[in-house]
Amino acid sequence: MEARFLYFTVHSASNLINVRKLGEMKVYAKVSIAGKSKCTEPDLVNNINPEWNKTLEFIVPEMNIIQAQGKISVKIELICKRSLSHDKYVGEVNLNLDSQCLKSCNTCLVDMNGSSFGTLMYSSVLGEKHIAVDSSPSKDYTNKVGIAQIGATLVGAVAAVGAALAGD
């Protein structure tokens, strides 16, 4: 399968809405690309103006890019980490990166329920096409392992019979 590496860097956000009633906001970014999600660590210091400068690496199948007419869909959710309750949604950014533009650096508005506020800074670098090997266990792999186990059992049985006959 042909694929590309996408290095997506979440730099910072600014002027976010404070979703906490008590305490400081500790915001992290959850980036979703090609069905996979990765997160930054929460910024424990900068409250409504978090900074991460974190690069996340994704493998994007070339077929996904072709099916999306050369676009790569990226969803960035900003989430407030809370220790005594569930994390709280702050806002999100939905992007369509152009696969023809190998490098980009942009600022965009954060959205929450149709209202825009704050900004998010990000950059991305898209690598060249390469052949990716599927490392997930497949039926073929499982079948080959099963056949090998049966073969090993048979070889062991034949060796035991041969040793028993040689001993007579």
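The structure holds 2 aromatic pairs, where rings of Phe, Tyr and Trp (its six-membered ring) pair if their centres lie within 6.5 Å, and planes under 30 degrees apart count as stacked, over 60 as edge-to-face and the rest as tilted. Keep in mind that this is a predicted model: local features need pLDDT of at least 70, side-chain atom pairs count only at pLDDT 80 or more, and totals for chains, interfaces and linings use all residues. Residues are numbered from 1 along each chain as its sequence is written, and side-chain values use heavy atoms, leaving out hydrogens and water.

**Aromatic pairs**
- Phe-5 and Tyr-7 are stacked, at 6.0 Å centre to centre with 20° between the planes.
- Phe-5 is partly exposed at 26% relative accessibility, and Tyr-7 is partly exposed too, at 32%; buried means under 20% relative accessible area, exposed over 50%, partly exposed in between (1.4 Å probe, protein chains only).
- Phe-8 and Tyr-122 are also stacked, with 5.4 Å between centres and 10° between planes.
- Phe-8 sits in strand β1 (residues 2-14) and Tyr-122 in strand β8 (residues 115-126), so this pair ties together parts 114 residues apart in sequence.
- Both Phe-8 and Tyr-122 are buried.

**Charge over a ring**
- Lys-38 has its charged end over the ring of Phe-58, 5.1 Å from the centre; the criterion is NZ of Lys or CZ of Arg within 6 Å of the ring centre and within 35 degrees of the ring normal.

**Whole chain**
- There are 2 helices and 9 strands, taken as DSSP runs (helices H or I, at least four residues; strands E, at least two) numbered from the N terminus.
- Of the 168 residues, 33% count as buried.
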